[in-house]
Amino acid sequence: MSRPKNQNYKGHGLSKGKEREQRASIRFKTTLMNTLMDVLRNRPGWVEVKDEGEWDFYWCDVSWLRENFDHTYMDEHVRISHFRNHYELTRKNYMVKNLKRFRKQLEREAGKLEAAKCDFFPKTFEMPCEYHLFVEEFRKNPGITWIMKPVARSQGKGIFLFRRLKDIMDWRKGNAGKKLTSLEAQPARSTANPSGSHYIPLRAWLYRDGFARFSNTRFTLSSIDDQYVHLTNVAVQKTSPDYHPKKGCKWMLQRFRQYLASKHGPEAVETLFSDMDNIFIRSLQSVQKVIISDKHCFELYGYDILIDQDLKPWLLEVNASPSLTASSQEDYELKTCLLEDTLHVVDMEARLTGREKRVGGFDLMWNDGPVSREEGPPDLSGMGNFVTNTHLGCVNDRKKQLRQLFRSLQGQKKASS
């Protein structure tokens, strides 16, 4: 259970096993009124707690975390949905800072070839403190389109593209003292891939399903002021005059993977998805030593990856609070299944043995080291056929069962309304 911290309070001293054995139900709390609430309310044995009641599981927002984490006592079994300084990975400027530091560390310890495996994020400069470095790079490559992005905002707010130094100078005059990040734009579109993790030891799960997002308007660099061309966020695209809500602007990753394979061949697509696996792991490793690890914390990240015309993936950002509000029936189904499986991985019910390599739609891709699809210890000599235990965008043979779950939740919602 959770309660405000008190210096005179002493723990009850029960072991983790006995503590879990004595709990008849799991008390949950959340302020998010979306797909998450549907899943939590319909999970067997889970009971909603409101107001200031004691809870065992809290899917909190980051503002609660910032204000309350250090003042809340948590028993052994309690879980919350964020790490205290999650922003080291999920704020754009901190993410780039940590990746640059990690790349230099790899170059010192393992050489340039290993460091090159971190070359998956665009050249980035933080304004205004790196303005002169940016100008130097800008003048080396005239004519390139740049994108300016606020470091702590979402859904395309505050973003603009520019090609002339005059545009950034005008911005600089009007935004003195504000921190923003600029990234080099690439002519492609992004995909969002959920993964869950905790940090010590580093343990990461990758979900098989996800979405590829597109703009509703054909991409072109001839119009850099048209947000419907350059921003694939549903929150932006659905305001387009010709947006079709039933068609939307997203594909399931399975469909996207099949399309790429038909156009570029299976081998090229395998390489692409392997490169994305590398992004997931390297990005988590880059913050492993700076994230304040806590046994009570877990994280569900949403990765935004842009794929260019050469099938090279670029990491744009990592979301600490990926959208859990459904924009379509297909979206609701995917997010319902994702959240149900996330709760299986968090395992409040203590059902897992700790040896699982797959839980629902999640595959264990890293467990203090790489995880192989094959049974037994991984062969890291370079002579074997080591294949990472990931199946992003592959057929999910559990979908039938999850569709039944989805229909059950929909039926319960209609019955209660």
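Predicted model: local features only at pLDDT ≥ 70, side-chain atom pairs only at ≥ 80, totals over all residues.
Colleague: Okay, the overview then. How many helices and strands does the protein have?

Modeller: Helices (H or I, at least four residues) and strands (E, at least two) are DSSP runs, numbered from the N terminus. Here you get 14 helices and 18 strands.

Colleague: And what share of the residues is buried?

Modeller: Buried means under 20% relative accessible area, exposed over 50%, and partly exposed in between, with a 1.4 Å probe and protein chains only. Of the 417 residues, 49% are buried. The accessible surface (Shrake-Rupley, 1.4 Å probe) is about 21,400 Å², and carbon and sulfur atoms hold 50% of that.

Colleague: Which residues have the most contacts inside the largest nonpolar core?

Modeller: The general idea is that in soluble globular proteins, nonpolar side chains tend to be buried together. A nonpolar core is a set of buried Ala, Val, Leu, Ile, Met, Phe, Trp, Tyr and Cys residues joined through side-chain atoms within 4.5 Å. The largest one here has 49 residues, and those with the most contacts inside it are Ile-80, Leu-89, Tyr-199, Phe-280, Leu-284, Tyr-303 and Leu-315. Elements giving two or more residues to this core include helix 5 (92-110), helix 12 (266-287), strand 15 (299-307) and strand 16 (313-319). Helix 12 gives the most, with nine residues. There's also a second, separate core of 24 residues, which includes Met-37, Trp-46, Tyr-207 and Val-359.

Colleague: In which sense do strand 15 and strand 16 pair?

Modeller: Strands of a sheet pair through backbone hydrogen bonds, either parallel or antiparallel. Two strands count as paired if DSSP finds at least two bridges between them. Strand 15 and strand 16 are antiparallel over six bridges, and Ile-305 has Leu-315 in strand 16 as its bridge partner. Nine of the nine residues in strand 15 are buried. Tyr-303 and Ile-305 are among those on one side, and Leu-300 and Asp-304 are among those on the other.

Colleague: Which strands form the open sheet, and in what order?

Modeller: Four strands do, in the order 3-2-4-6, with parallel pairing. Strand 3 (46-48) and strand 6 (79-80) are the edges, each pairing on one side only. Strand 2 (residues 26-30) and strand 4 (residues 57-59) share three bridges, and Thr-30 stands opposite Trp-59.

Colleague: Where does helix 13 lie relative to those strands?

Modeller: For angles, axes are lines fitted to C-alpha atoms, for helices over the stretch in contact, and run from 0 to 180 degrees between N-to-C directions. Helix 13 lies across strands 3, 4 and 6, at about 140 degrees to strand 4. Lys-335 lies in helix 13 (residues 329-346); this lysine is buried at 9% and contacts Thr-35, Ser-323, Leu-324, Thr-325 and Ala-326, neighbours within four places aside.

Colleague: How many disulfides are there?

Modeller: A disulfide is a pair of cysteine sulfur atoms within 2.5 Å, and the count is zero. The sulfur of Cys-297 is 8.2 Å from the closest cysteine sulfur, in Cys-60, so it's too far for a bond. Cys-297 is buried at 4%, whereas Cys-129 is exposed at 58%.

Technical notes:
Residues numbered from 1 in each chain as written. Heavy atoms only, no water. Contact = heavy atoms within 4.5 Å.
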